[in-house]
Amino acid sequence: MDKYIINGGRRLYGEVEISGAKNAAVAIIPAALMVDGVCRIENMPQISDTDMLMSIISAFGAQIKVIDRTTVEIDCRSVHNCDAPFEKMRRIRASYYLIGAMLGRFGKAKTTMPGGCNFGVRPIDQHIKGMVAMGAKVEVKNGFVYADAHEGRLHGARIYLDKVSVGATINIMIAAAMAKGKTIIENAAREPHIVDVANFLNSMGADVRGAGTDTIKVNGVERLHGGTYSIIPDQIEAGTYMMAVAATGGEVRINNIIPKHLECISAKLVEMGVEVQELEDALVIRREGPLRPTNVKTLPYPGFPTDMQPQISTALCFAEGTSFVTEGVWDNRYKYVNELRKMGANIEVSGRTAVIEGVPCLTGAPVAACDLRAGAAMVIAGLCARGVTEVEDVHFIERGYEDFVGKLMQLGADISVRRDPEEPERIQLVVV
Ligand code: EPU
């Protein structure tokens, strides 16, 4: 299988460009299915999750034109509601957005239950609750989701989410964009990518208000038209490089970011003794002295993101003292701890809390990327460790980090990829 080989012990220096936000892109691509015109999307990250989603919608008949490295044009005018490529849908979490988009466009949808990284039970009951409130009949049977809108079109509804859910908030917002009447989502999630998807929909003619607060109001429209939209920078990719510099030491300027989205991560780094200098659309991260321990609890935005939990836990392995990290979103997001222990980390997990005793150094070892962010954490550990670390299962990392190895090499890391000729090729975009 494909591996990353890391010779640890080098500090990181230089500049890195952050790509477009994965978790916005994976919603915007399905949402483009509803648009009656050409969507030109800029700042599209080149990662396997977006390639996979574009390959799924092209199987529906979407015409996808790759304009340059980060710009695509998606034309869904000739899309028909055919049987979807279920095997591909099963491999990706964000395929749940196809439910909202297909219901919005065709009044019915058939998808698989979503796949994605495995960190405990990942229900979609809140997505279904929203679709049902908007008049869909939804049935989950044998791993498939069947949804049918009464008389072919959803209607507006008032929906209170029992759990703050990024996926359910976005999915309901997408479906409501073309429903008849007004939808109100209460207890909505507030992540930056929710605002981004709302902005995308609005730039195509939707009427979505309040995204970024806990109440979102959507006035359904008859039609969405084409347009141009640029995806926001990826908060978690930026945070991952911030944490990498904190762990290795050095000085890196992180470009193409929105500092506001990174405030909770910057605040933790400052507590850890890392210097963070804020510029207009960049941050400079500098660490010369020792790392200090801190306590972290992951929460929905604006709290500390769960998608940064493995990376900060890894950096805290090098702090001088004891840190407590509590996972407040997922039931089981500590599988990577066993991998870190192979490298000499001193971490005990009890329920949702990890107790991390800092150690002077880790030692390189063969480790696996258990999921996307855990994989990034293994790379950070490898960058700091003495000796060679081989990270397996890097297909998880490549789902969400554009050119991780290339960007780290540019910062002076000694990291390379060993491709396995037997490993299936990454899905390539269909260029029309
Ligand atoms: N939940 C429910 N019912 C639902 C939906 C969610 O109980 O119908 C629960 C979940 O079990 C979890 C919590 O609510 O305990 C939050 O889940 P959420 O729906 O917010 O997560 P998601 O939409 O499945 C997205 C990101 C994840 C990120 C979470 C939380 C995408 C494609 N995925 O997942 O990103 O961890 O929000 O911020 O947007 C990643 O990028 O590595 C990643 C896993």
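The secondary structure of the protein comes to 14 helices and 23 strands, where helices (H or I, at least four residues) and strands (E, at least two) are DSSP runs numbered from the N terminus. This is a predicted model, in which local features need pLDDT of at least 70 and side-chain atom pairs count only at pLDDT 80 or more, while totals for chains, interfaces and linings use all residues. Residues are numbered from 1 along each chain as its sequence is written, and side-chain values use heavy atoms, with hydrogens and water left out.

**Overall shape**

- The protein has a radius of gyration of 21 Å, which agrees with the value near 22 Å that a compact globule of 432 residues would have; this radius is taken over C-alpha atoms, and the globule rule is 2.2 Å times the number of residues to the power 0.38.
- Along its principal axes, the C-alpha trace of the protein spans about 65 × 45 × 45 Å.
- Of the 432 residues, 58% count as buried, meaning under 20% relative accessible area with a 1.4 Å probe and protein chains only.

**An open sheet of 4 strands**

- The strands are arranged in the order S4-S5-S3-S13 with mixed pairing, and two strands are said to pair if DSSP finds at least two bridges between them.
- The edge strands, S4 (63–68) and S13 (224–230), each pair on one side only.
- Strands S4 and S5 pair in the antiparallel sense over 5 bridges, a hairpin joins S4 to S5 through 2 residues, and Gln63 has Asp75 in S5 as its bridge partner.
- Strand S3 (residues 35–42) and strand S5 (residues 71–75) also run antiparallel and are joined by 4 bridges, with Val38 standing opposite Asp75 in S5.
- Helix H7 (residues 192–203) packs on the sheet and touches S3 and S13, contact being heavy atoms within 4.5 Å.
- The direction of H7 makes about 135 degrees with that of S13, where axes are lines fitted to C-alpha atoms, for helices over the stretch in contact, and angles run from 0 to 180 degrees between N-to-C directions.

**Helix H12**

- Helix H12 (residues 372–384) has 13 residues and reaches 19 Å from its first C-alpha to its last, close to the expected 18 Å, which is 1.5 Å times one less than its number of residues.
- H12 is mostly covered, since 13 of its 13 residues are buried.
- At the start of H12, a side-chain oxygen of Asp371 reaches to within 3.2 Å of the backbone nitrogen of Arg373.

Conventions
Buried < 20%, exposed > 50% of the residue type's maximum accessible area, 1.4 Å probe, protein only. Polar contact = N/O pair within 3.5 Å; in protein donor to acceptor, adjacent residues only side chain to side chain.
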